[in-house]
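Trainee: I have a model open and would like to learn how to read its features one at a time. Where do we begin?

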Amino acid sequence: MNYKEAVKFFKEIPYFSSDASNDNLNKVLKLLGNPERTLKFFHVAGTNGKGSVCAFLDSILQKGGYKTALFTSPHLVRINERMKVNGIDISDEDFADYLGKIEAVEHPALNFFEYCFVMAMCYFADQKVDYVILECGLGGLLDSTNVIDPEVSIITSVGLDHTKILGDTLELIAAEKAGIIKPNKPVVYMKQQPEVNEVIETFALRNNSEIYRLSEEDIKIELITKKVIAFSIESVYYKFEDLAIATKTTYQLKNADVAIHAVKAVLPELSDEIIRDGIKSMRWPARMEEIEEHIILDGAHNPHAIESWVKTVQQFYPDCEKDLLFAVVADKDYEDMIRQICEALSFGHITITTIPGSRKANPFLIKEQFERYSPCEITIEENAACAYELAKAKKKDYLFLIGSLYLAGIIKGYLKEKEDSFHD
């Protein structure tokens, strides 16, 4: 099997399966010698912030001299992005080879995510990595990644998302996320809504897990600009000074705090200097990323994430004229997302586009929602690349792209193709 065939294979298999258990997954892992049992994990669940926490962990551990593996989802441009060793995507050749190794044994059916997970476990084990930073795909308790035994469980912010699958209350969703907590292994979380805290604490106590309860009040901002935030942390566990992150988004401070304490829970001997270096060196795409001059891309894709994004835009772009390019998948609470955006921000022009595939939202319904709140001109262009060029041509000052990580991936892929064709 070559890489092109491997990518085609993934396009043709179901992303989800009707079987909610991990029975088939465990059978396949056993057939392959249970590679996951040779690995050490930082396991990360949550509604928002998982990817950023994983990126902070990866950066800190690499600065500490450890060989790291990173498993995240979804990918933005290429499926290889889901599996990294020391920050480098799995090669096309290895990607095809590890899929071939699974297909070489007779096994029960797997879905898209399960195939990715099994391939990653085999690849990481062969690479003899020191630590795997493992992001949950959906939820936690029933997620494919929850077949492992971690060094530490990490729970980021919890909000209402995927409610048809995970439940329609914060308590139900928190219980799914807290399902990654394992007996006698520490858990790190940032205190948030009382009902969420209570669920996490209950699961942790039930598992005899040491609890690292973090608070936003522990974080003190020293300096904030459009390119960097300098800050300090003083929790009941540790004190860190002279920290900095290379971003303007204040919500990343909580993610950095969680990552720092998770590392210290596993590797208390790691020096403050290494932690400072790792935090400052972290880069993660589609988080208030300026992809072209005055064009800002962010992957916020649910009401909880939109709330943080709105605060950042209000803080750093209060007086400029703003335009918006928006796309969302149909199963998100886009009515609440649009309400939050339009009640807080005004736009000169809004362009609505679509995400290809079965989760595509009706752009005319999206337009109706925007028209309820915004008096500006609103245009529909279903082709995302064309919509991007249209919105860019219309912008007077700043253009913001928001609503879906799939939109972020499409636009970043489009810009890469443009760059590649220019160099050709």
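**Reading the model**

Mentor: Take N255, which is placed in helix 9. Keep in mind throughout that this is a predicted model.

Trainee: Is N255 buried or exposed?

Mentor: Burial is judged by relative accessible area, and under 20% means buried. N255 has 9% relative accessibility, so the residue counts as buried.

Trainee: Which residues does N255 touch, leaving out those up to four places away in sequence?

Mentor: N255 touches G49, S52, V53 and F56.

Trainee: How do I describe the way helix 9 and helix 10 pack?

Mentor: Two packed helices are described by the angle between their axes and by the distance between the axes. Here helix 9, residues 251-266, packs against helix 10, residues 272-281, at an angle of about 145°. The axes are 11 Å apart. The crossing of helix 9 past helix 10 is right-handed.

Trainee: Which residues make that contact between helix 9 and helix 10?

Mentor: From helix 9 come A256, I260 and K264, and they meet D272, I275 and I279 of helix 10. By class, the residues of this contact are 4 nonpolar and 2 charged, with no polar ones.

Trainee: Next, the charged pairs. How many salt bridges are there?

Mentor: The test is a side-chain nitrogen of Lys or Arg within 4 Å of a carboxyl oxygen of Asp or Glu. By that rule there are 20 salt bridges. One of them joins R78 and D92, with an N to O distance of 2.8 Å. R78 sits in the loop between strand 2 (68-71) and strand 3 (83-85), while D92 belongs to helix 4 (residues 92-103). The two are 14 residues apart, and the pair links distant parts of the chain.

Trainee: How accessible are R78 and D92?

Mentor: Anything between the buried and exposed limits, 20% and 50%, counts as partly exposed. R78 is at 34% relative accessibility, so R78 falls in that class. D92, at 29%, is also counted as partly exposed.

Trainee: What about E289 and its salt bridge?

Mentor: E289 pairs with K412, and the closest N and O atoms are 2.8 Å apart. E289 has 23% relative accessibility and counts as partly exposed. K412 is partly exposed, its relative accessible area being 21%.

Trainee: Which residue does E389 pair with?

Mentor: E389 forms a salt bridge with K418, at 3.1 Å from N to O. Because E389 lies in helix 14 (residues 384-394) and K418 in helix 15, the pair ties together parts that are 29 residues apart in sequence. E389 is partly exposed at 25% relative accessibility, and K418 is partly exposed at 35%.

Trainee: Which residues are linked with E389 and K418 in a network of salt bridges?

Mentor: E292 and K392 are linked with E389 and K418 in that network.

Trainee: Now the backbone. What should I look for?

Mentor: Most residues other than glycine have a negative phi, and most peptide bonds are trans. Departures from either pattern are listed one by one. The bond joining S73 and P74 is cis, with omega about -5°. P74 is in the loop between strand 2 and strand 3.

Trainee: Where is N86, and what is its phi?

Mentor: N86 is in the loop between strand 3 and strand 4 (88-89). Its phi is near 50°, a positive value in a residue other than glycine. N86 is partly exposed, with a relative accessible area of 32%.

Trainee: And K128: buried or exposed?

Mentor: Over 50% means exposed, and K128 has a relative accessible area of 66%, so K128 is exposed. Although not a glycine, K128 has a positive phi of about 55°. K128 is found in the loop between helix 5 (112-127) and strand 5 (131-135).

Trainee: Last, the whole chain. How does its radius of gyration compare with that of a compact globule?

Mentor: For 424 residues, a compact globule would have a radius of gyration near 22 Å; the chain has 21 Å, which agrees. Along the principal axes, the C-alpha atoms fill a box of roughly 60 × 50 × 45 Å. The chain has 15 helices and 17 strands, and 55% of its residues count as buried. Of the contacts between residues at least 6 apart in sequence, 73% join residues at least 24 apart.

Methods: Residues are numbered from 1 along each chain as its sequence is written. This is a predicted model: local features need pLDDT of at least 70, side-chain atom pairs count only at pLDDT 80 or more; totals for chains, interfaces and linings use all residues. Side-chain values use heavy atoms; hydrogens and water are left out. Axes are lines fitted to C-alpha atoms, for helices over the stretch in contact, and angles run from 0 to 180 degrees between N-to-C directions. Helices (H or I, at least four residues) and strands (E, at least two) are DSSP runs, numbered from the N terminus. A crossing is left-handed if the near helix is turned anticlockwise from the far one by less than a right angle, and right-handed if clockwise. Contact means heavy atoms within 4.5 Å. Ala, Val, Leu, Ile, Met, Phe, Trp, Tyr, Cys and Pro count as nonpolar, Asp, Glu, Lys and Arg as charged, and the others, Gly among them, as polar. Buried means under 20% relative accessible area, exposed over 50%, partly exposed in between (1.4 Å probe, protein chains only). The radius of gyration is taken over C-alpha atoms; the globule rule is 2.2 Å times the number of residues to the power 0.38.
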